[in-house]
Amino acid sequence: MSRIGKLPISIPAGVTVDQKDNVVTVKGPKGELSQYVDPSIKMKMEDGHITFEIDENSPVNLKQKQAFHGLYRSLVNNMVVGVSQGYTKTLELVGVGYRVSNQGNLVEFALGYTHPIFIQLPKEVKVETKSERNQNPIITLESCDKQLLGLICAKIRSFRMPEPYKGKGILFQGEVIRRKSGKTAAAK
C-alpha cells in the first residue's frame with residue numbers, strides 16, 4: 001500500500017466534496033475543480049474526512065493500483081487545499097532591461113528579444129505584476145488549480161530559462177542558480 005494513499009484528507013469548513021461516476025467534484029470559496037478517479041480506487045467520505053482504498057476485485061495489476069492509490073489521494077488533496085486556500089507562485093525577472101506588464105490576464109514580456117512576448121492566461125489564474133525602480137520585476141500568479149498554475153509557470157519560464165553563467169532569466173522568487181565560472185586564462 002502507498003504511504004501517501006493511506007493518509008486521510010480532512011475537509012475544511014465551506015468545502016463540499018461530491019463523487020459521481022468516478023468523478024470527484026470539490027467546491028469551495030476559491031472555486032470548483034473536478035478530477036476523474038480510476039475505478040480501481042474506492043473513495044469513502046465519513047466524519048469530515050476522505051479516505052482512499054484499493055479495490056481488490058478490479059482487473060488492474062497490483063503495482064498499478066498501488067501507484068493510483070497515492071496519485072489520486074494527492075490529486076484530491078491538492079483540489080481541497082486549492083479551493084479552500086489557493087496556490088500562489090511568484091516569478092522574478094533577472095536581467096538588464098527585462099520588463100513585464102499586464103492588462104487583465106494578458107501579460108506582456110520584454111526579455112531582450114527583438115519583439116515583445118504576449119501570453120493570454122486562463123480566467124482561473126489571477127496575475128499581478130510589480131515593477132519598482134532598482135529592483136527586479138515580479139509576477140505573482142494565483143489560482144485554485146495547482147496543476148494549471150505549475151503549467152503556466154513552466155511556460156513563462158521557458159521564455160528565458162535561467163542560465164548559470166550570468167544568472168539571468170526568469171526564476172522562482174528565492175530560487176538560487178548555481179553559478180559556473182566562465183572560460184579561464186589559457187594554460188601556459
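Six bridges join strand E7 (residues 87–94) to strand E12 (residues 138–143), and the two run antiparallel. Strands here are DSSP runs of E with at least two residues, helices are runs of H or I with at least four, and both are numbered from the N terminus. Two strands count as paired if DSSP finds at least two bridges between them. Within this pairing, Glu-92 has Ile-138 of E12 as its bridge partner.

A word on the basis of this report: the model is predicted, so local features need pLDDT of at least 70 and side-chain atom pairs count only at pLDDT 80 or more, while totals for chains, interfaces and linings use all residues. Residues are numbered from 1 along each chain as its sequence is written, and side-chain values use heavy atoms, with hydrogens and water left out.

**The sheet and the hairpin**

E7 and E12 belong to an open sheet of four strands, in the order E11-E12-E7-E13, with antiparallel pairing. At its edges are strand E11 (126–130) and strand E13 (169–172), each of which pairs on one side only. Neighbouring strands of this sheet are turned by 20 degrees against each other on average, direction ignored; axes are lines fitted to C-alpha atoms, for helices over the stretch in contact, and angles run from 0 to 180 degrees between N-to-C directions.

Elsewhere, strand E3 (residues 23–28) pairs with strand E4 (residues 31–36) in the antiparallel sense over six bridges. The two form a hairpin with two residues between them, and Thr-25 stands opposite Ser-34 in E4.

**Salt bridges**

How many salt bridges are there? The count comes to five, where a salt bridge is a side-chain nitrogen of Lys or Arg within 4 Å of a carboxyl oxygen of Asp or Glu. Among them are these:

| Glu-142 | Lys-30 | 3.7 Å |

What does the salt bridge between Glu-142 and Lys-30 tie together? Glu-142 lies in strand E12 and Lys-30 in the loop between E3 and E4, so the pair connects parts that are 112 residues apart in sequence. Relative accessible area sorts residues into buried (under 20%), exposed (over 50%) and partly exposed (in between), using a 1.4 Å probe and protein chains only. Glu-142 is partly exposed at 30%, as is Lys-30 at 40%.

Asp-55 is buried at 14%, whereas Lys-42 is partly exposed at 41%.

**Around Ser-40**

Is Ser-40 buried or exposed? Ser-40, found in the loop between E4 and E5, is buried, with a relative accessible area of 1%. Leaving aside neighbours within four places in sequence, Ser-40 is in contact (heavy atoms within 4.5 Å) with Glu-53, Ile-54, Asp-55, Ser-58, Val-60, Lys-65 and Phe-68. The side chain of Ser-40 makes a polar contact with the side chain of Asp-38 at 2.7 Å. A polar contact is a pair of N or O atoms within 3.5 Å; within protein, one must be able to donate a hydrogen and the other to accept it, and residues adjacent in sequence count only if both atoms are side-chain atoms.
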